[in-house]
Amino acid sequence: VRLKKEYQKGWIVNGDVAYGTKDRFSSRVAAIYYTNVWKFLSYFNANNVNRGGGASDDGEFYDDEGTRGVTYTRAGGARARYDKDRSNVTVGVHGNHTTSFNNTATSSVTYLNSGDNYARSRTIARNSTSSIDWYDAVRIGKKNFWLGSTPLNGSYTRTRGVNSTNSVTFNGDPMDSYRLASLDSIFSPEGSDRLERMRLNAVLNATQSLTRATRLSSNSELWLKDPLFGNSIRVDYMLGYNDNQVENFQHYSLDNRQTNSLDIQNVYALTSSNSLEFNTTVAYSSDWKQKLSAGVSYQYSYERNKNNPDRYRLDSLPGWDNFDAHPLGTLPSTSYLEAKDRQNSYHRTITTLSHRPMLTGRLKLYKDWTVSIYCYSNTCCRKHTYSCKCDTVKAAALISYEDTYTDQYKRNSCGLHTYSKTGNNCCSGTSFRLFSNLLN
């Protein structure tokens, strides 16, 4: 079908607006401008009914799966696409910001021979997430040439969360004992005398976190024919990088009436982790009248993973076991480094290398019966480094140093006994496989 020139371009606009009870609202709009080879799309979405998503290339809206609680969403994006013959190029960007509120109350009972226990908990959570994603894709098809590539896709996400959970265990049914009082008064400052007398223990767990995540990826596959013999050549690669930075504050207290003890933890944790992955394959194959095929290929893979969690027990510092004096999310300048929880702080790196050359063959015998042969050699090396990073404060200056040990116990500069190991684990082998199969 060949359209007239005036019908080969135009506009499409799609939108809806809604407002309901309890101040719930939803609004979204998408606009498309198109020609015979180009298409430009932009869209925007704002609502507080747990509706995410965006718009497809034809302007139709799609929804992401919603979350619990009340979620406020602001999202928008743009996309451009060039499509001609057997080739196309797509680039786009999508931004999203959500804020969610959750208020959850639970009641439970545990039946025991010595007497039933009743529990009540209240969780209040507020989380906000901002993210941006960008993507691109290239497809080029010719008679003896094909390229599929995503040169650079990526995303950045920032999430901040504040959560607080109060839970209490009673040795009797609190509602039967004090029906006129709100059961949640146990969590209020004035409380309830009768509920207090029935209480076995009380737990406070408050957290404040900040997470930053970055993701980058790239991959391509190229296929072409050998200009001399007409055989197939294939080259592909995949590159991926992920980086995560997590900062977390925690106030935890357990007031146990049965043992007359109070456990308080004021914790600051900082976790840094990243991974890098790369693999590539080069293959050459020939096919004779669809009866016999043979090929040779080589695959190289590299992977590195780092995980560096550092944890600090701020309650070990003078005065920092009092939550009222030091609100959640505060640090004592650089002196918090003296409170490092070294048993739960470590730096670990795992690196893996792999080489795999391969010979393949396939023979078609009769109808759907084929015989395939695979012969390959695989060499894989893994290096594992585990170390203790020590930070201390001297003369109001921060001094950092890192020690890595090999297969032995050693006293490090922090004054603690630490076991750390660095080693290589390499293996290689050759495999030969011959099998027949019936293709349906």
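I began with Asn 231, which counts as buried because its relative accessibility is 15%, where buried means under 20% relative accessible area, exposed over 50% and partly exposed in between, with a 1.4 Å probe and protein chains only. I note that this is a predicted model, in which local features need pLDDT of at least 70 and side-chain atom pairs count only at pLDDT 80 or more, while totals for chains, interfaces and linings use all residues. Residues are numbered from 1 along each chain as its sequence is written, and side-chain values use heavy atoms, with hydrogens and water left out.

**Entry on Asn 231**

I placed Asn 231 in the loop between strand S8 (199-225) and strand S9 (232-256); strands are DSSP runs (E, at least two residues) and helices are DSSP runs (H or I, at least four), numbered from the N terminus. I then looked up its partners across the chain, and found that the side chains of Asn 231 and Tyr 284 are joined by a polar contact of 2.8 Å. A polar contact is a pair of N or O atoms within 3.5 Å, of which, within protein, one must be able to donate a hydrogen and the other to accept it, and residues adjacent in sequence count only if both atoms are side-chain atoms. Ser 285 is 54 residues away from Asn 231 along the chain, yet their C-alpha atoms are separated by 6.0 Å. With residues up to four places away left out, Asn 231 touches, among others, Asp 226, Ser 286 and Asp 287, contact meaning heavy atoms within 4.5 Å.

A polar atom of its side chain lies 3.4 Å from the backbone oxygen of Arg 51. Beyond four places in sequence, the residues that Asn 45 touches include Ser 27, Gly 53 and Thr 73.

Which strands pair with S3? I found that strand S2 (residues 25-34) runs antiparallel to S3 and is joined to it by nine bridges, and that strand S4 (residues 70-84), also antiparallel, is joined to S3 by 10 bridges; two strands pair if DSSP finds at least two bridges between them. A hairpin of three residues connects S2 to S3. Tyr 34 stands opposite Lys 39 in S3, and Trp 38 has Tyr 82 in S4 as its bridge partner.

**Entry on the cavity**

I counted one cavity of 30 Å³ or more, a cavity being a set of points on a 1 Å grid over the protein atoms alone where a 1.4 Å probe fits but cannot get out, with lining residues having an atom within 4 Å of a point. The largest cavity has a volume of about 30 Å³, and its lining includes Arg 28, Asn 45, Gly 53 and Phe 61. S3 gives the largest share of that lining, three residues.

Lastly, I recorded two helices and 17 strands in the protein, and 30% of its 440 residues count as buried.

Terms used. 1 Å grid on protein atoms, 1.4 Å probe; cavity = no way out; pocket = protein on both sides within 12 Å on 5 of 7 lines; lining within 4 Å. Points joined across faces, edges and corners; volume = space filled by probe spheres on them.
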